[in-house]
Amino acid sequence: MANVMQSGGRKRGRGREVRTGPLIAPAVLPLIVWAFVPLAVSLWFSLLHYNLLDPITRFAGFDNYSYLLTDPSLLDALWNTLALVVGVLAASIGLGCLFAVLLDQEFYGRSVARLLVIAPFFVMPTVSALIWKNLLMHPVNGLIAYITRSLHLGVIDWFGSWPLTSVGIIVAWQWVPFATLILLTAIQSLDREQVEAARMDGAKSVSMFFFITLPHLARPIAIVIMIETIFLLSVFAEILVTTNGGPGDASTNLTYLVYKTALLDFDVGGGSAGGIVAVILANVVALFLVRTVARNLD
Amino acid sequence: MAMRRKTKRKIGMTVLGWAVALLVAFPIFWMTLAAFKTEIDAIATPPLLFFSPTLENFAEVHSRADYPVFAANSIFISVSATAVAILLALPAAYAMAFHPSKRTKDLLLWMLSTKMMPAVGVLIPMYLFFKAAHLLDTTYGLILIYILMNLPIVVWMIYSFFRDVPKEILEAARMDGARPLQQVSMLLVPLALPGIASTALLSIILCWNEAFWSINLTATQARPLTAFIASFSSPEGLFWAKLSAASLLAIAPIVIFGFMTQRQLVRGLTFGAVK
């Protein structure tokens, strides 16, 4: 990000002074409102006893938080959120590196193969969740069930027995292509002369990968981790259309828990408290990641 | 010898590369097949790879289910939100690129940081505000959210494209007395048009595929395709062929947009850190 910011404060030209305030305001003012007002209202709601089914709304102090923090659903949701983020990230980085290196090799029809690998990233989440749920993972008519049955391996009830893993597979199917795209773009900017020189010196493919490609990828990998974490903390549609957070709370993440508390149970106060917890979590991750990335940038 | 080894390697890579590509894209391929099957063929065991294709699902999806309405909603919402975001972003990007101050950098970073706030943190206030303002289930409500959601990326991308424009051209225009907004509309927009176009494509993709707000803030009238497809999760989900046909129509334009704008997309989504 640093290279973007090196604009310097020098004034260009001797023309009359331009007042930048009115030019910037139309973009910045709405964002300021958007960034602070709803969050402040959330914070206020989280301190209220406020249920849409209960006519009495009163100040509740930290009741919502103490209730939430002792509620096993929250711990489950936190754990599920974390497991989903870490699992999908591991798949994205591992497979993403592998696919990117592979798609960088010369082969016939490479450009078409690249498009095919990237395509799932552009599929809307509700569509990808339903393709997997119905056409592939369905325990009776799904293709995977047919294959495992033909191999005498029995049938896996994906969303019943492995709900979080199943959601994770679907989400990973969307985000591995993203990682591949970013890492492939980064590999292509690798200095070809350096690669050729290393090859002339007799470097093997494996050591080339570990000593030249991987160090070059450190920064793009950090960036993939940052961007994917932001999106993965808020996985929602994939859960809604496949498991509805179940069975029980087995595949409920923080986002889904807040949705359930507020829009299905009408508990505005409790839902807001959950939302605030999500914001805090995202900020901790963001801070940590921004630091890592910033260190990587210089 | 060396030549032959090289060819061998290339053939090996071709097999490997295509195996991975076909495996990754398989769900899309399988859905595309299902879209042309009858409902009975779609759930047949063993699954059918060869069958007599039919177009009846597409006809059905179009006539029932109000599909054209949802498609129109998706188009209207993504295009309007993108257009407004770009209009708001142009002057700001101009000011930041050509008249930077000490705070420009902080301002840009702050704008990007607003993207890190999880939507669920503000879902409830927004929902209640929408309810009070009668914005629930309206396209305008979603457009408003999407403008705010994409504004940081749009400003940032246009800013980075403006910085590629040679300063001298702008200098000349200023000498001739062109005011800032004239400089933007008559000079910068035409010069940076390819960049602005890819910014628009990226923003349209993000709006089109957005599922959290669209599912929570629309019900019937303003429903875009993401929320419409989500409704297939229960009872109607039994109609796999129709689901597949509707899904294919919903993703086809955006996948093509995505292919067209790959490189700019990398630049935009990584805030310029990977080019």
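Into which domains is chain A divided? In this predicted model, chain A is divided into domain 1, covering residues 32-70, and domain 2, covering residues 79-257, and the centres of these two domains, taken over C-alpha atoms, are separated by 37 Å. Chain B, with 13 helices and zero strands, is in contact with chain A through 89 residues on the side of chain B and 89 residues on the side of chain A.

**Chain B as a whole**

- The elements of chain B, read from the N terminus, run α-α-α-α-α-α-α-α-α-α-α-α-α, in keeping with a secondary structure that comes to 13 helices and zero strands.
- The radius of gyration of chain B is 23 Å, whereas a compact globule of 275 residues would have one near 19 Å, and along the principal axes the C-alpha atoms of chain B fill a box of roughly 75 × 75 × 35 Å.
- Of the 275 residues in chain B, 50% count as buried, and among contacts in this chain between residues at least 6 apart in sequence, 79% join residues at least 24 apart.

**The side of chain B that touches chain A**

- Where 89 residues of chain B are in contact with 89 residues of chain A, helix α1 of chain B (residues 2-35) gives the most to the chain B side, with 16 residues.
- Sorted by class, that side of chain B has 62 nonpolar, 19 polar and eight charged residues.

**The largest nonpolar core**

- The largest nonpolar core has 172 residues, and those with the most contacts inside it are B:Ala89, B:Ala93, B:Tyr94, B:Val155, B:Ile158 and B:Ile229.
- Helix α7 of chain B (residues 139-162) contributes the largest share of this core, 17 residues, while domain 1 (32-70) and domain 2 (79-257) of chain A each supply at least three residues.

- B:Ala89 lies in helix α4 of chain B (residues 67-98), and it counts as buried because it has 28 C-beta neighbours inside 10 Å, where 20 or more are required.
- Not counting residues up to four places away in sequence, B:Ala89 touches A:Ala27 as well as B:Leu151, B:Val154, B:Val155 and B:Ile158.
- Although B:Ala89 and B:Ser52 are 37 residues apart along the chain, their C-alpha atoms are separated by 51 Å.
- B:Ile229, leaving aside its neighbours within four places in sequence, is in contact with A:Met124, A:Thr126, A:Val127 and A:Leu130 from chain A, and with B:Ala246, B:Ser247 and B:Ala250 from chain B.

Conventions. Residues numbered from 1 in each chain as written. Chains lettered and ligands numbered in written order. Predicted model: local features only at pLDDT ≥ 70, side-chain atom pairs only at ≥ 80, totals over all residues. Core = buried A, V, L, I, M, F, W, Y, C linked by C-beta atoms within 7 Å. Buried ≥ 20, exposed ≤ 12 C-beta atoms within 10 Å, placed from the backbone. Helix = DSSP H or I, 4+ residues; strand = E, 2+ residues; numbered from the N terminus. Domains from an automatic or database assignment. Contact = placed C-beta atoms within 7 Å. Rg over C-alpha atoms; globule rule 2.2 N^0.38 Å. Nonpolar A, V, L, I, M, F, W, Y, C, P; charged D, E, K, R; others polar.
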